[in-house]
Structures are given as C-alpha cells and as structure tokens.
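Please keep the structure in view while reading.

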Amino acid sequence: MKFEIATKSLQKALSVVSHATAGITTTPILENILIRVNYSNIVFTANNLEMAIEYVIDKDIKIISEGAFSVPSKLFSSYIGLIQDDQVALEMNRADSIEIKTESGKTKIKGIAAEEFPVIPSIKEELSLSLKGEVVRRSIEKTLFSSAEGNIRPTLAGIFVNISGNEATFASTDSFRLSEYKTVLSSQSNANFSQIIPSKTCFEIKSIISDDEDVKIVSGENQIAFFFGNVKLYSRLLNGKFPDYSNFFPSGYATKGTINRADLMGALKKINLISRENNYSIKMSFSSESGILLETSETQIGEGEVHLVGSVEGEDAIIGINSTYFLEALGAIETTHVSLQFESPLAPILLLPVKDEGAKKELAWQLRHIIMPLKI
C-alpha cells in the first residue's frame with residue numbers, strides 16, 4: 001500500500017471518520033481507522049459496531065500500490081493535524097506499521113492488520129429517499145436535546161423520524177419533556193418512513209453534514225445509512241415503538257405568558273448561578289399586573305429573583321420548572337418572542353415560538369415543546 005494525498009484532504013477525511021471511532025475499549029481495533037487503497041480511490045473507515053463512517057477520496061491523489069491497513073485514530077489524526085506540508089506520502093513498508101513522509105520529515109506508526117477490522121454489514125434496502133442537508137441538520141438540532149440518555153428506556157434514546165408525502169416530523173422525549181419539529185419538504189416522498197434513529201448517530205450527522213448537500217437515506221433490517229458528499233454513514237436503528245405522543249400537547253390553557261426570548265434566556269442564566277445548588281429548580285410566577293417573576297429558594301450559596309416584562313393572559317399562577325430544560329428548548333427557537341401556556345400548575349407547559357414579522361413562515365407552527373412542571 002502506497003499513495004500520495006493532499007494534506008488538507010487527508011485532514012478532512014480523518015476529522016469526519018473519527019466521529020465513529022470507539023473511545024477506550026477492550027477491543028483496540030475499534031479505536032483504529034482503516035485505510036483501504038483501491039485502484040481509483042482511497043476509503044477511510046471507522047466502526048464502533050453501533051455506527052460506521054466511510055469517507056471516499058477519488059481526486060487529487062496518486063496511487064502507487066493498493067492495499068489496506070488500520071492505524072490508531074487519535075495518534076494518526078493528531079499527527080496529520082500538525083503537518084503543514086501540502087502533500088503527504090503514506091506507505092505500509094512492514095506488516096505492523098505505516099510510514100508517513102513529507103518534505104519536512106517522516107514518522108512510522110504501528111497499527112493492526114486490515115483483516116481484523118470489523119466489516120460493515122450490507123443493508124438490504126427496503127426504503128430509500130432523499131432530503132436536503134439543511135432539513136436534516138435543522139430538524140436534529142431542534143429536537144435532539146430532549147432525547148433520553150442511558151438504557152433505562154432504549155426507545156427514547158433517539159429521535160423518532162416520520163416522513164410521509166411532503167411532510168417530515170422529528171420528535172424526541174425523555175419523559176420529562178417532549179420536542180417536535182415539522183417541516184414541509186420541497187418534493188414529495190414516494191415512500192413512508194417511520195424509524196427511531198439513535199441519539200449518538202443524530203449528533204454525529206448534524207456535526208458533519210452540510211446544508212447544501214443532498215442526503216440519500218437508505219433503510220432496511222434495523223439498519224440505516226446516510227449518503228452525502230464523500231461520506232457514507234451507517235447506523236443501527238432502535239427497536240421498539242415510540243410513544244404515541246399526539247395527545248400529550250395540551251389543546252387549551254388557563255394561563256398564558258408571552259415574553260421576549262432573549263430576555264427570558266438571560267434571566268434563566270442569572271438564576272442558574274444560584275439554582276444549580278438546587279438541581280436547577282426555580283419558581284416562575286405569572287401576574288397580569290406585574291408580569292413574570294423568576295426566583296429560586298435559598299441555597300448554600302444564596303438566593304435570587306429576576307423580574308421580566310411580559311404579557312399574561314388568563315389566571316395568575318405559580319409553577320416550578322427546571323431552568324436548564326427551558327434554556328435548551330429556548331436555544332432551539334429562533335423567533336424574538338415565545339409563549340408559555342398551561343392549564344394548571346401541575347399540567348404540562350407548552351412552549352411555542354411566536355411568529356415575528358419577517359420571520360421564516362414555518363417557525364410559528366412547526367416547532368413545539370412540552371416541559372413537565374416541578375412540584376413547589
């Protein structure tokens with residue numbers, strides 16, 4: 001195996017595939033990146049058995065001989081990231097190492113034979129569709145934070161994606177909050193798609209995808225693949241049924257507050273400095289006369305309150321909230337103002353964007369969040 005490649009192209013490939021390498025593990029090969037040199041391209045692969053990424057380069061390369069070898073991801077990526085020469089030459093000159101040559105120097109890095117690298121299972125295609133990169137990225141960013149962590153309820157450790165006709169719905173919940181984002185597609189989908197994609201996979205997709213890329217999605221036998229640009233990303237799907245959440249969203253309210261989003265985020269960040277000693281539990285008071293008040297009970301480091309200007313409709317009320325949940329949901333909203341509405345202090349709190357003049361049309365109705373209140 002011997003080839004030459006532009007340094008920037010190599011650095012880009014490694015930055016992408018390293019998202020799928022395993023951390024410290026008892027199986028060292030999962031910490032490696034496989035380099036496979038074919039007669040017309042070079043394929044870089046990482047595989048942690050839950051997700052795999054391939055990055056294909058077929059331009060600005062000079063292939064001298066074919067072959068394959070795997071190298072430790074962290075060491076190899078760190079070294080290549082420090083190279084300032086325009087070109088890099090790589091050669092496997094022994095069975096256990098690869099030599100990296102530039103105009104300014106050379107280094108040998110030991111690795112593991114390609115035969116030990118795990119094979120990516122082929123997907124038996126049952127469904128295929130295409131989406132714009134911007135649709136995929138935005139939809140993930142606006143829902144991912146509400147997905148569950150850990151293995152207590154595996155079906156909640158991901159984003160539920162439903163695509164039918166010209167509408168795509170992304171939803172996530174950890175039982176304490178629920179986020180839903182709907183978007184109208186530019187073209188009609190010929191197939192109905194309904195799957196739960198693991199949170200880790202979604203996080204990596206949004207990290208490496210570009211808005212202007214077309215994304216082909218292929219699914220079959222509990223697996224899914226995303227093809228875009230030079231990248232092929234493979235992942236398992238989560239088995240099980242996502243909760244039927246359509247009735248969770250309240251249809252009415254007894255109290256409704258409308259407030260500037262940036263002001264509310266600033267106030268929550270101030271209160272968080274104190275409320276972190278109390279698991280970010282704060283009280284939120286709504287008054288038609290005095291507006292909205294945020295306050296935290298006394299902790300070991302102090303106590304605080306912040307008054308906010310806002311309009312309140314309906315009954316005056318006091319609710320308990322987790323301030324970090326609210327901050328994460330507010331961070332996904334792009335409008336200037338938001339509304340908070342609920343039927344009682346112990347009922348789910350519906351957080352919605354309030355349509356602005358000149359704001360993107362879809363923002364006013366496509367995004368909605370539910371956050372469960374705390375007892376006070």
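## Cavity, pocket and helix pairs

Strand S11 is the element that contributes most to the lining of the largest cavity, with three residues. The model is a predicted one, in which local features need pLDDT of at least 70 and side-chain atom pairs count only at pLDDT 80 or more, whereas totals for chains, interfaces and linings use all residues. Residues are numbered from 1 along each chain as its sequence is written, and side-chain values use heavy atoms, with hydrogens and water left out.

Helices (H or I, at least four residues) and strands (E, at least two) are DSSP runs, numbered from the N terminus. On a 1 Å grid over the protein atoms alone, a cavity is a set of points where a 1.4 Å probe fits but cannot get out, and a pocket is an open set with protein on both sides within 12 Å along at least five of seven lines; lining residues have an atom within 4 Å of a point. Grid points are joined across faces, edges and corners, and a volume is the space filled by probe spheres set on the points.

The structure holds one cavity of 30 Å³ or more. The largest cavity has a volume of about 90 Å³ and is lined by 14 residues, of which Val 161, Phe 170, Ile 197, Ile 217 and Phe 226 lie nearest its centre. Two or more lining residues come from each of H3, S11, S14, H4 and strand S16 (223-228). The lining of the largest cavity comprises 14 nonpolar, no polar and no charged residues, where Ala, Val, Leu, Ile, Met, Phe, Trp, Tyr, Cys and Pro count as nonpolar, Asp, Glu, Lys and Arg as charged, and the others, Gly among them, as polar.

The second largest pocket, with a volume of about 290 Å³, has a lining of 18 residues, and Phe 160, Ser 194, Phe 242, Pro 243 and Tyr 245 are those nearest its centre. At least two lining residues are supplied by each of strand S11 (158-164), strand S12 (167-173), strand S13 (177-184) and strand S14 (193-198), and S14 gives the most, with three residues. By class, the lining of the second largest pocket has six nonpolar, six polar and six charged residues.

| Helix pair | Angle | Axes |
|---|---|---|
| H1 (residues 7-17) and H2 (residues 73-82) | about 145° | 10 Å apart |
| H3 (residues 133-141) and H4 (residues 199-208) | about 130° | 9 Å apart |
| H5 (residues 261-275) and H6 (residues 323-331) | roughly 150° | within 10 Å |

H5 is therefore roughly antiparallel to H6, whereas H3 and H4 are oblique to each other; angles under 35 degrees count as roughly parallel, over 145 as roughly antiparallel, 65 to 115 as roughly perpendicular and the rest as oblique.

In the contact of H3 with H4 (heavy atoms within 4.5 Å), Val 136, Arg 137, Ile 140 and Glu 141 of H3 meet Cys 202, Ile 205 and Lys 206 of H4. These contact residues divide into four nonpolar, no polar and three charged.

Between H1 and H2, Thr 7, Leu 10, Gln 11 and Leu 14 of H1 meet Phe 76, Ser 77, Ile 80 and Gly 81 of H2, giving a contact with four nonpolar, four polar and no charged residues.

Technical notes:
Axes are lines fitted to C-alpha atoms, for helices over the stretch in contact, and angles run from 0 to 180 degrees between N-to-C directions.
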